[in-house]
Amino acid sequence: MKKYELDCMLLQAEQRAKLDPTDDSLFYSYPRFVTHVDDRFIQQLTELYRQTLKPNSCLFDMMSSWVSHLPEEMVFDLVVGQGMNEAELARNPRLDRYFLQDLNENQLLPLPDRSFDAVLNAVSVQYLQYPEAVFAEIWRILKPGGMAIVSFSNRMFYQKAIQAWREGNDASHVKLVKSYFASIAGFSDIVAVGGDRRPSPKGFDWTQWFAPPADPFFAVMARRSPDEPSPTC
């Protein structure tokens, strides 16, 4: 395993544990052409991207799949994806190129320093066993002033999520992701947005129906401090 040796590790060994310790590449070996959150969540995420990302910029879509939820009308100079299933990544129409990598086995990204205007991670942060190292890599590949956006809800593949996430709730998940950013010197303007959940009809008992309430939307964003010139893509 290739992983960082950081001075300050946030999680204890047991907090990184998964219920299913088998090789993640086996779990992700077959494609899942589904969305793992509901349409309302996706709409909110796309709108956040619309408001935050800049056209003609360079994006890295970390832990990507067959869809990136980017606004259809926005054109970017470069979108690079990383994920675990090649069939999913190959079908994603927004990716200019992609590569396969298990971030729980190797946190070192094969990408240049200061090369992306934004790094995106959608509904996947709960599976990172070494988030401190991965967030250090996010900082490294961002241009000064670049933005990282990590979005999540309360859904997960329970057997693959780390203990620190499984045993938490919405509020603790937000606090945890904020702490991942705060643990890396050089991130600033760390903010959380979202928390919107569509209310259930008054008096409606969801336990008597198959459809749950809407997936709550959360995102934590941070910038790499603009401390040096930015290279071009």
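Q: Which residues have the most contacts inside the largest nonpolar core?
A: Phe60 and Phe135 do, in a core of 41 residues. A nonpolar core here is a set of buried Ala, Val, Leu, Ile, Met, Phe, Trp, Tyr and Cys residues joined through side-chain atoms within 4.5 Å. Buried means under 20% relative accessible area, exposed means over 50%, and partly exposed lies in between (1.4 Å probe, protein chains only). Please keep in mind that this is a predicted model, where local features need pLDDT of at least 70, side-chain atom pairs count only at pLDDT 80 or more, and totals for chains, interfaces and linings use all residues. Numbering starts from 1 along each chain as its sequence is written, and side-chain values use heavy atoms, with hydrogens and water left out.

Q: What makes up this core, in terms of helices and strands?
A: At least two residues each come from β1 (58-62), β2 (78-83), β4 (116-122), α4 (131-141), β5 (142-152), α5 (163-166), α6 (170-182) and β7 (217-224). These labels are DSSP runs numbered from the N terminus: helices are H or I with at least four residues, strands are E with at least two. The protein has 6 helices and 7 strands, in the order α-α-β-β-α-β-β-α-β-α-α-β-β.

Q: Which residues does Phe135 touch, leaving out those up to four places away in sequence?
A: A contact means heavy atoms within 4.5 Å. By that rule Phe135 touches Val125, Leu128, Val150, Val177, Tyr180, Phe181, Ile184 and Phe187. There is also a second, separate core of 23 residues, with Val37, Tyr49, Val123 and Met221 among them.

Q: Why is Trp66 called partly exposed?
A: Its relative accessibility is 23%, so Trp66 counts as partly exposed. That residue sits in the loop between β1 and β2. Trp66 and Pro93 are 27 residues apart in sequence, while their C-alpha atoms are 7.8 Å apart.

Q: Why is the pair Lys160 and Asp20 called a salt bridge?
A: The rule asks for a side-chain nitrogen of Lys or Arg within 4 Å of a carboxyl oxygen of Asp or Glu. Lys160 and Asp20 meet at 3.6 Å, N to O, so the pair qualifies. Lys160 lies in the loop between β5 and α5 and Asp20 in the segment before α1 (24-27), so this bridge ties together parts 140 residues apart in sequence. Both Lys160 and Asp20 are buried. A network of salt bridges links Lys18, Asp20, Asp24 and Lys160, and the count by this rule comes to 9.

Q: How do you know that Arg50 and Glu47 are separated by about one helical turn?
A: They are 3 residues apart in helix α2 (residues 39-52), which means about one helical turn. Arg50 is partly exposed at 34% relative accessible area, and Glu47 is partly exposed at 30%.

Q: How many of the 233 residues count as buried?
A: The share is 48%.
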